[in-house]
Amino acid sequence: MNDQSGIDSEKPNGLHVAFIMDGNGRWAKARRRPRPFGHQAGAKRTREVVEACPDLGVKYVTLYAFSTENWKRSRAEITALMALFRYTIRKTARDLHAEGARVRFIGDRAPLDKKLIKLMNELEELTRDNDRVHVTVALNYGGRDEILRATRKMAEAVKAGELEPAEISEDTMHDYLDTAGLPDPDLVVRTSGESRTSNFLTWQTAYAEFEFTDTLWPDFGKEQFAEALDKFGLRERRYGGV
Ligand code: IPE
Ligand code: IPE
Ligand code: MG
């Protein structure tokens with residue numbers, strides 16, 4: 001019953017670190033540049049952070065790229081962000097695949113533009129058998145929205161006679177969330193000095209450690225990533241082993 005994703009039965013190994021990549025706008029402002037300039041610089045850092053994962057013993061990395069609340073921003077900023085998502089997927093797809101990354105997207109795709117949805121689906125399909133590092137991108141994601149969509153799907157299953165209300169457990173919820181099959185994050189890192197979760201992985205972070213750092217996302221790299229892991233004693237020291 002609770003193995004719909006097909007990979008639940010696999011015992012996850014390796015760390016799961018989730019990032020709330022915040023501070024791009026302030027980084028750009030400090031340089032007297034428009035906000036999208038900060039998002040571009042941030043995207044480069046995201047790439048660097050993903051690339052660093054295997055070396056740091058991180059098997060799962062989840063990245064908050066666009067929240068359900070981010071639609072409140074100006075049209076110009078939203079358009080620039082959506083263009084950046086398309087550009088970044090096109091530009092990095094082959095390398096991510098070559099690096100053994102399995103990429104998944106969480107969040108509600110329906111309101112996104114068709115071209116972007118197509119690129120997201122293609123990248124998931126291309127990388128679906130990879131297992132070196134699991135990269136999850138939260139795009140039009142909100143924790144409450146995810147729980148609501150899961151609840152609706154469960155209600156549909158009950159209505160169709162496929163699910164017994166008395167059988168609904170934490171495992172059932174796990175299977176109906178967008179993150180089905182992924183282990184819960186061990187550590188959540190938020191950059192830019194804000195200490196709130198902004199609707200990120202509401203269900204999944206019930207037991208996570210949190211690290212709030214003042215560094216702005218476009219200044220966050222492998223070194224800061226390693227420091228955050230060390231601080232929580234989470235870094236796997238493999239010294240070149242497996
Ligand atoms: C995070 O940086 C990126 C997104 C939310 C898309 P911000 O754009 O929130 O940057 P600040 O918080 O305004 O500095
Ligand atoms: C959280 O950052 C969302 C992402 C990083 C995508 P925001 O900048 O949107 O969050 P608030 O507005 O500070 O809560
Ligand atoms: Mg912000």
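Visitor: Why does F210 count as partly exposed?
Guide: F210 has 29% relative accessibility. Buried means under 20% relative accessible area and exposed means over 50%, with partly exposed in between (1.4 Å probe, protein chains only). So 29% puts F210 in the partly exposed class. F212, at 35%, counts as partly exposed too.

Visitor: What am I looking at, anyway?
Guide: This is a predicted model, in which local features need pLDDT of at least 70, side-chain atom pairs count only at pLDDT 80 or more, and totals for chains, interfaces and linings use all residues. Residues are numbered from 1 along each chain as its sequence is written, chains are lettered from A and ligands numbered from 1 in the order in which they are written, and side-chain values use heavy atoms, with hydrogens and water left out.

Visitor: How many aromatic pairs are there?
Guide: The count is 11. Rings of Phe, Tyr and Trp (its six-membered ring) pair if their centres lie within 6.5 Å; planes under 30 degrees apart are stacked, over 60 edge-to-face, and the rest tilted.

Visitor: What makes Y64 and Y141 edge-to-face?
Guide: Their centres are 6.0 Å apart, within 6.5 Å, and their planes stand at 80°, over 60. Y64 sits in strand 2 (residues 58–67) and Y141 in strand 4 (residues 133–141), so this pair ties together parts that are 77 residues apart in sequence. Both Y64 and Y141 are buried.

Visitor: And why is the pair F210 and F212 called stacked?
Guide: Here the centres are also 6.0 Å apart, but the angle is 10°, so it falls under the limit of 30 degrees.

Visitor: How do you know that strand 2 is largely enclosed?
Guide: Buried residues make up 9 of its 10, so the rest of the structure largely encloses strand 2. Strand 2 pairs in the parallel sense with strand 1 (residues 15–20) over 6 bridges and with strand 4 over 7 bridges. Across these pairings, A18 stands opposite T62, and L63 has V137 as its bridge partner.

Visitor: What makes R31 a charge over the ring of W27?
Guide: A charge sits over a ring if NZ of Lys or CZ of Arg is within 6 Å of the ring centre and within 35 degrees of the ring normal. R31 lies over the face of W27 at 3.9 Å from the ring centre, and R33 lies over F37 at 4.0 Å.

Visitor: Which side chain has a polar atom 2.7 Å from an oxygen atom of ligand 2?
Guide: That is R196, within the limit for a polar contact, a pair of N or O atoms within 3.5 Å. N70 has such an atom at 2.8 Å and D22 at 3.2 Å.

Definitions and conventions. Helix = DSSP H or I, 4+ residues; strand = E, 2+ residues; numbered from the N terminus. Polar contact = N/O pair within 3.5 Å; in protein donor to acceptor, adjacent residues only side chain to side chain. Pairing = 2+ DSSP bridges.
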